[in-house]
Amino acid sequence: MTAPHTAITPELVREHGLNEAEYARIQELLGRDPNIVELGIFSVMWSEHCSYKSTRFHLKKLPTSAPWVIQGPGENAGIIDVGDGDVCVFKMESHNHPSFIAPFQGAATGVGGIMRDVFTMGARPVASLNALRFGEPSHPKTKHLVSGVVEGIGSYGNCMGVPTVGGEVNFHSTYNGNNLVNAMCVGMAKADKIFYSAARGSGNPVVYVGSKTGRDGIHGATMASAEFNEDSEEKRPTVQVGDPFTEKLLLEACLELMATDAIIAIQDMGAAGLTSSSAEMADKGDSGIEIDLDKVPQRETNLTAYEMMLSESQERMLAVLKPGREAEAERIFKKWELDFSVIGFTTDTHRLVVKHKGEIVADMPVTALSDAAPLYERPYITRAPASGTPEFDATRPVMTSLLKLLGTPDLCSKRWVWEQYDYTVMGDSVQQPGGDAAVVRIHGTQKGLAMSTDVTPRYCKADPREGAKQAVAESYRNITAVGATPLALTDCLNFSNPEKPEAMGEIVNGIEGMGEACRALDYPIVSGNCSLYNETQGEGILPTPTVGGVGLLKNIARMATIAFKRDNDAILVIGETKGHLGQSVYLREIEGKEEGACPPVDLKLEKKHGKFVRGLIEAGKLDTVHDVSDGGLLVAVAEMALASGIGAVLRTNYDPADFIPTMFGEDQGRYLVALPEKKADAVITAAAKAGIYVRHLGFTGAVSEMGEPVLQGVGLPAVGLETLRSAHENWLPSYMNN
Amino acid sequence: MKAAVVVFPASNCDRDAAVALEQITGHKPQMVWHADSEVPEVDLIVLPGGFSYGDYLRCGAMAGQSHVMRAVKEKAEQGVRVLGICNGFQVLTETHMLPGVLMRNAALKFVCKPVGLTVTETQSVFTRHYKAGQRVEFPVAHGEGNYVADTETLDRLEGEGRVVFKYAPGENPNGSERDIAGILNDKRNVLGLMPHPERVCDPLLGGTDGKAMFESLLEALS
C-alpha cells in the first residue's frame, strides 16, 4: 500500500482514519486527488492527536496568559518567567495507547518525547513527573502493565539523568483496557536563550539531527486517535522504540548548538515525525519547506517516501539554521556521534514540497495541513451531576477503617514505584517523592520550583465541571502546601469518544470547569495535550483531565513538608470540615459505593486559604503543612505521622453520626498544619480575623506505654505507627511480587 | 587539591561530582572528555555515575575501552587517586583496575533510596575522616550494583582491609556478596563504590555524610 502510485480507494481513505467529507475537503484543497504520500500526510495532520479537531473550539475557553507567562499553548512547551533572567519550560503529554500495547517502550518513549519538547526550546530538563492510571488490580493485565510502565519510565529518565520526582498512581476498572500514562517534564532556560519553532525566512538550510529514520511508529498519531478493540495488540509495530542514550547525546548536542546563535528554529520530531515537524515549522514561520528524502539518514534499506514521512522513529530533531552555519553545527553533532544532514531549505511558497529519488512525491499548501484542518463543534449532552448524600454505617470502628484505607491501592504508599526512579540525580531535589509537591532547587540559587500532578477522576465522572475545577484547586493546594506560589499549569485531557454526545459533554464541561478554576486562581494553562478515544469495546475511561502545576518557592530554606517536626506541636485544620462523604475513597472502599455528589469547590475560599497558609510559610511561621485530599482528615494525619515517625493524639470528641464524615469526608480547601503550641494561638487569631475557619485537632508526639509512637484520640484506640506503616507500605510490593 | 572529572557520553552525575568537589575544595575540577587521550596533571580523577555509552553491551564495558581510560589507568599506576562512583565503579571493574564484577541487582529492578553503610576501613585517603565502624547514609541509584567475586578474592579484599564500605546489616539493596558497597585496589589509591557520596554533601539534600570523603581527600592531597 505504500508504492508511490497506489490508487486511492475509499477503503484506503477509511484505513487512514479520514471520513468522506474530510477526503472531499482534501480534494478541494489540492484541486486534485492526493497521492498516497499526501494521503498519509493529511491523515496524520488531520488526526485528532495532531489537529485537536474535536477540542480546538473549546480549548479557546481556557485562560492562557498572565504577566509571568512568556509562551502559552501552541509551541513545543509553555514558558513562564521565574525571575533573575531564568524561565521555566514545561509540558505534560499522554502516551496512553502505546503504553497499553507495549508498556515498557510506550512509557519510555512518552518520557523521551516530552523531554524533547522541553529541550528543543533551549531548556535543560530538571525534573520529570508521571500521572499513571491503571485498571483494577484484580484484572489479569494490570500487574504486567504497572511493571512495564514503571520500568519503562525509569529506564528512560534514569539514563537521561533527569530526576523523576513526583506523580501519581491510581487504579480503577474503567482503565482495564486503556491505561493512562501522562508524562510531564520541567526544564530551565535563560530568558534570552529561548528557541521557537517558527521557520522564518527563505533559503535557509533545514537540517535533520539525531537518530536515523526507520519503520517504527508509522501511523502512531492515527492509532492514538481511534478507540481500542480486540485487535489493538496487533498494533504493536506502531509503537516506537526508545533509545535514551541517543536522547542524552541529542540533549547535550542541542544545548551546545544553542549556545551559539546558529539556529533560527528547532522542533522535535514527535507524533507524525518529519511530516508534522516540517509542516508546523513552515506554518508558524509563514514560509514553505522543501525537503529531499534521499538526504534523510535511514536505518533500513528501501524506505518509501510514505514510510519516511510517517515514521515516528525517536530521538530526532528538525532545525532551520542561519545560512552558512551548517559546518559549525555539523561539528557539534559529529562530536556527539549523531547523524546530521541538510535535507532541504525554507521557501517563500507557503508549500510543503517533498522529493524522493528525483520525483516530487508531495506538494501541498502548508495551511491545508494546519488552519484548514477539520474543526468540529460536536454535539454534546450535559449529564445531570451525581447528587445526594449517601448513607453509611455510623457504627464502623474508625481506626479499623483507617488501617484498611491506608492499605488500599489508591491510598497506599507508592514507594515501590518511585524507588525505581532516580529522584536524586542533578543534586537539587530538595523535596523528594511522598510529599504534597516535589521541589527542585533552581540550580545555583536559593529558589525552588514546586511541581505536582493532580486530578480526581471519580469526581470528574460524578460531575465533569466540578471535578475539573477540583483538579486545578488541588494542584493549587499542593503547590501552596510547600510554600510556593502556583504560577501555571500544563494539562493532559484524557477523555473517551468525542463522537458520543455524553462523552463530548464530559469534555466540554471539563474544559469549562477547568477554565473557571484557572481564572479564579490566576493559574493559567500554558501547554498540554488532549487524548481522546480512551475507550475499549465501547467502555470509556473516567474523565481524567490531569493537570501538572508549577509554582515558585522564593526561599527553599522556608519550605514546608508534610512530616511532623516536633513533639507537642498543635495540629490545626485550616478550612471547614463539613463531612462530605459523597464520592469519597471511604465510601468506595469501606461501604462499596461510588455514589453521591462530589465535594463542591469554593474557588474564593481556595484562594483565601492558600494565601493564608503560604503567607505563614513564607514568614517562617510554619514548616509542617499537608493538603487534605483523598481519604480525608484522618488519612492526612496518618501520612504526616508516618512521614516523621512522630505520633499524634486527636481531640475527636464528635457525635457518632458526625465522626466518620468528619474523619474521612473529602471537603475541599483544607490544609493540616502543625506548629508549636505557643505559636498556635496567634495563627488561630489571625485566621479568625481573616474569616477563615480553623480547628485545633490535637497534638503531635503521642507514645504508648512502651514508648512507641502512636496515633490515638477520643474514640480512636491507640495504634502504633509501625502497624499503620505496614498497612501503608505493604500493599503495592506484595501485589507486585505475588 | 586538583581534581578532574571524566565525562563519557551519557555520564549524568558529572555535574553533581563537580559541584561537590567545588563546594569542598573551593576549586572547580577540570572536565575531561572521553575521547581525549590525555588526563591533565591532577591529584584526583573522578569517574562519575551515569549510563556511559547507554550501558549497552555491559555497564561500563564500552567506557572501559575508551581513549581516556588508558590514560586514567596509567595515572593510577603512577599513584594518582581515582574515585569511581556507581557507573564509575562499573568502569573500574571492567578495566580490571578493581577486582570482581557488578551484576544486575538481585531483585532485577533499578533501586534509588538512601542506604545505611558501615565504614569498615578508615586507613585510606578516601575515608580517614570517618570513624571505624561509623554508620553513614548515602543514596544508591543503580540497576546493576550487585558485587560478585570469587571467594578467594573476597577473602583477600577483607583480609587486606580493602573493603571500605559495607551495606549496614539488613540494608543490602542489590544482593552484593558480603554486603560489599565499596572497595580499594591493592595499592589503595583507587576506590570504587556504588552509593553516591556526592549526593550527600548538602543538608538540603538529605544529609552531609558524603562530605567526609572529599574532606579526607582534600587533607591528604593538599
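Guide: Two strands pair if DSSP finds at least two bridges between them; strands are DSSP runs of E with at least two residues, helices are runs of H or I with at least four, and both are numbered from the N terminus. The model is predicted: local features need pLDDT of at least 70 and side-chain atom pairs pLDDT 80 or more, while totals for chains, interfaces and linings use all residues. Residues are numbered from 1 along each chain as its sequence is written, with chains lettered from A and ligands numbered from 1 in the order in which they are written.

The part to examine is a pair of strands in chain A. Strand β24 (residues 648-650) of chain A runs parallel to strand β27 (residues 710-713) of chain A, and 3 bridges join them. Within this pair, Val649(A) stands opposite Gln712(A) in β27(A).

The pair belongs to an open sheet of 7 strands in chain A, ordered β23-β25-β22-β26-β24-β27-β28, with mixed pairing. Its edge strands are β23 (624-627) and β28 (716-720) of chain A, each of which pairs on one side only. From one strand to the next the twist averages 20° (axes are lines fitted to C-alpha atoms, for helices over the stretch in contact, and angles run from 0 to 180 degrees between N-to-C directions). Across β23 and β25 (671-676) of chain A lies helix α18 (residues 464-481) of chain A, at about 170° to β23(A); contact requires C-beta atoms, placed from the backbone, within 7 Å.

Strand β3 (residues 44-47) of chain B is joined to β4(B) by 4 bridges and runs parallel to it, with Val46(B) and Leu83(B) as bridge partners. Strand β11 (residues 190-193) of chain B is also parallel to β4(B), through 4 bridges, and here Val82(B) is partnered by Val190(B).

In a regular strand the side chains alternate between the two faces of the sheet. In β4(B), Arg81(B), Leu83(B) and Ile85(B) point one way, Val82(B) and Gly84(B) point the other way, and all are buried (20 or more other C-beta atoms within 10 Å of the residue's own; 12 or fewer is exposed, in between is partly exposed, with C-beta atoms placed from the backbone). Since 5 of the 5 residues of β4 (residues 81-85) of chain B are buried, the strand is largely enclosed by the rest of the structure. For chain B as a whole, 59% of the 222 residues count as buried.

Key
Contact = placed C-beta atoms within 7 Å.
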